[in-house]
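Here are my notes on the model you sent over.

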Amino acid sequence: MDQFLQQLVNGISLGSIYALIALGYTMVYGIIKLINFAHGDIYMIGAYIGFAVTTYAKLGFVPALIISMVLCAILGIIIEKVAYKPLRNSSRIAVLITAIGMSLLLEYIMMFFVGAGVRSFPKVLSDSLFYISNITIKMQQIYIVITTVVLMVILQFIVNKTKIGKAMRAVSTDKDAAQLMGIKVDNTISFTFAIGSALAGAAGVLVGIYYNSIDPLMGMMPGLKAFVAAVFGGIGNIPGAMIGGLVIGLLETFVSGYGNSMYRDAAVFAFLIIILIIKPSGLLGKNTKEKV
Amino acid sequence: MKVLNKKNIITLVLILVFYSVIQGLISARVINSFYEITIATICINIILAVSLNLVTGFTGQFSLGHAGFMSIGAYAGALTVMNTNSTMGFLAGVLIGAIAAAFVGIIIGIPTLRLKGDYLAIATLGMAEIIRVVFLNMNDITNGAAGLNGIPRYANWLWLFVFTAVTLILINNFIKSSLGRACISIREDEIAAESMGINTTKYKVMAFSIGAFFAGIAGALYSSYFYFIKPDLFGFMKSIDILVIVVFGGMGSITGSIIAAIVLAVVTTFLQSFAALRMIFYALLLIIIMIFRPQGLLGTKEITDLFKFKKKSEKIE
């Protein structure tokens with residue numbers, strides 16, 4: 001039982017990080033129907049920005065988080081304007097290949113400038129541990145969960161209560177109709193990229209703190225897993241991505257904890273394939289009918 | 001329809017001439033062993049790119065897991081060669097690798113090919129990752145992450161050339177057959193194809209498993225030529241490498257894939273000492289092609305179409 005609860009704690013903290021990344025995927029997919037492969041690499045760059053800010057500027061956790069989020073948001077907008085906007089009307093495969101290209105570009109440009117080696121993240125949070133009966137909870141895990149919850153509440157507020165959030169929902173429902181209603185579609189798409197990238201940047205800093213090590217290829221796997229989370233929750237659906245992230249985090253920690261940790265990546269992908277076959281629209285997604 | 005018509009004889013002569021010229025250059029040591037490796041890479045990449053082109057370019061099913069099938073062929077081929085250690089064993093290994101890959105292709109294809117577009121891409125990517133993880137964990141057979149070392153080298157220019165030529169001829173004939181036409185109709189419009197009575201699932205799985213078959217051949221050749229394989233060689237990046245060739249050459253163009261495989265291999269050889277730059281170059285190439293020429297070098301045309309067009313216009317004059 002203790003082991004179960006311990007895995008639950010670890011799973012929730014890992015799952016929160018996946019949920020933050022998955023939100024970016026799901027929002028971008030919802031609005032322009034693109035799997036933004038470069039999203040995982042924005043998360044990697046977020047981790048490096050956090051690393052630079054805490055190591056060289058000696059700032060604390062909260063400033064690092066905010067700086068990383070702002071810079072990643074700007075990066076997200078730039079990527080959207082440079083690589084995806086010229087392809088707004090071309091085939092989806094073309095945009096998907098561009099996204100893969102963008103992902104490789106970010107990875108290897110980073111590798112070119114900072115080297116391929118692993119860097120250790122400075123300790124910005126205390127290492128103190130809490131014990132509840134036999135379960136250990138790390139200080140970092142509490143921070144991760146609190147940060148994630150705060151960011152998600154802010155996100156829900158933006159999407160559901162503000163004017164730009166309304167515009168985002170309108171564009172993702174029907175782009176042409178939204179444009180006819182006087183919504184600036186391009187600005188709305190840029191804003192979506194900015195929010196998604198900011199969340200990825202926050203996730204990058206949190207992962208750096210949690211695992212203590214960052215490298216230029218760290219974004220690939222978590223990016224794909226976060227995508228699985230988004231698909232599980234129902235792609236384009238924001239609460240779905242949160243639930244999906246937690247489920248994937250739990251799945252991964254339980255497979256490592258009770259089974260063989262070597263199989264945890266395979267388990268996530270097997271899970272994806274099963275979802276796609278049984279319920280392709282995901283947990284909370286809407287079924288779309290195919291029109292001829 | 002005679003088998004030995006004029007066109008086939010010309011093709012055969014061209015194939016033999018091409019083989020002998022390169023063989024002559026290798027024997028005369030004009031092509032040293034360093035460039036020989038480039039040639040081997042080109043042959044293997046052509047097989048991989050053309051087989052992926054059948055799936056992605058001609059049938060329109062976007063697959064990101066081609067390296068997974070290559071790894072099955074590589075392991076099956078390597079294990080057979082290591083246990084038999086003869087040319088016959090090598091050929092049997094290639095065949096076993098190809099059949100094993102095609103078999104896995106059918107098993108994977110039946111459930112996943114119901115998905116479309118980006119979902120299929122992610123599902124195939126996931127499948128390739130699962131295959132990689134399985135090879136990583138079969139320590140007794142595959143030696144885990146360390147990989148298999150000291151695979152006897154039976155793949156030489158002769159066999160590489162034979163398999164490349166056979167692959168090209170078979171896939172070209174498949175595309176020109178009624179089966180291939182059915183595959184192309186699925187790419188053009190799946191719903192329309194279905195309403196014309198084409199069993200789309202059947203043809204998709206067929207194209208997918210044929211693609212896997214040839215990827216298996218490429219894998220087996222790779223393992224025998226380069227002595228050494230490990231699961232990480234066949235990860236996501238390898239699938240992307242193959243995809244870059246197909247996209248660069250043009251999705252739906254066999255000659256395009258051949259040209260792209262040659263161009264990219266030559267570029268890679270020159271960028272050998274700057275491995276990091278090579279990947280930046282690849283990434284930029286992908287983005288720029290997609291923005292400025294999304295159909296690739298040749299689009300869905302073949303190099304031979306250009307000559308045909310010329311002849312026709314001459315007649316009109």
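This is a predicted model: local features need pLDDT of at least 70, side-chain atom pairs count only at pLDDT 80 or more; totals for chains, interfaces and linings use all residues.

1. A:Gly257 itself sits in helix H10 of chain A. Is A:Gly257 buried or partly exposed? It has 16 C-beta neighbours inside 10 Å, so it counts as partly exposed. If you were wondering about A:Gly46, 211 residues away along the chain, its C-alpha atom is separated from that of A:Gly257 by 29 Å.

2. On confidence, the predictor gives the complex an ipTM of 0.82 and a pTM of 0.87. For chain B the mean pLDDT is 86, with 95% of the residues reaching 70 or more. Where does the mean pLDDT fall lowest among the elements of chain B? That is helix H14 of chain B (residues 303-316), at 60. The highest value, 94, belongs to helix H10 of chain B (residues 200-225). I'd mention both helices when you describe the model.

3. Now the overall build of chain A. It has eleven helices and four strands. The radius of gyration is 19 Å, which agrees with the value near 19 Å that a compact globule of 292 residues would have. Along the principal axes, the C-alpha trace spans about 60 × 45 × 35 Å. Buried residues account for 52% of the 292 in chain A. Taking contacts with a separation of 6 or more, 76% are between residues 24 or more positions apart.

4. Chain B, by its secondary structure, comes to 14 helices and zero strands. Its radius of gyration is 20 Å, close to the 20 Å that the globule rule gives for 317 residues, so chain B is as compact as a globular protein of that length. The C-alpha trace of chain B spans about 65 × 50 × 45 Å along its principal axes. Of the 317 residues, 45% are buried. When contacts between residues at least 6 apart in sequence are considered, 81% join residues at least 24 apart.

5. The strands of chain A include a hairpin formed by E2(A) and E3(A), with two residues between the strands. Strand E2 (residues 129-132) and strand E3 (residues 135-138) of chain A pair in the antiparallel sense over four bridges. A:Leu129 has A:Lys138 as its bridge partner, and A:Phe130 has A:Ile137. In the turn, A:Ser133 has a positive phi of about 45°.

6. Helix H11 of chain A (residues 264-278) has 15 residues and reaches 21 Å from first C-alpha to last, close to the 21 Å expected. Its buried residues include A:Val268, A:Phe269, A:Phe271, A:Leu272 and A:Ile273. What covers the buried residues of H11(A)? The cover includes H9 (220-233) and H10 (238-258) of chain A, together with H4 (87-112) and H5 (117-137) of chain B. I'd show this helix with both chains in the figure.

7. That leads to the interface. The contact takes 34 residues from chain A and 32 residues from chain B. On the chain B side, H4, H5, helix H11 (236-249) and helix H13 (275-292) each supply at least two residues. Which of the helices gives the largest share of that side? It is H5(B), with 13 residues. By type, the chain B residues that touch chain A divide into 26 nonpolar, four polar and two charged.

Terms used:
Residues are numbered from 1 along each chain as its sequence is written. Chains are lettered from A and ligands numbered from 1 in the order in which they are written. The expected span of a helix is 1.5 Å times one less than its number of residues. A residue is buried if 20 or more other C-beta atoms lie within 10 Å of its own, exposed if 12 or fewer, and partly exposed in between; C-beta atoms are placed from the backbone. Two residues are in contact if their C-beta atoms, placed from the backbone, lie within 7 Å. Ala, Val, Leu, Ile, Met, Phe, Trp, Tyr, Cys and Pro count as nonpolar, Asp, Glu, Lys and Arg as charged, and the others, Gly among them, as polar. pLDDT is the predictor's confidence in each residue, from 0 to 100. The radius of gyration is taken over C-alpha atoms; the globule rule is 2.2 Å times the number of residues to the power 0.38. Two strands pair if DSSP finds at least two bridges between them.
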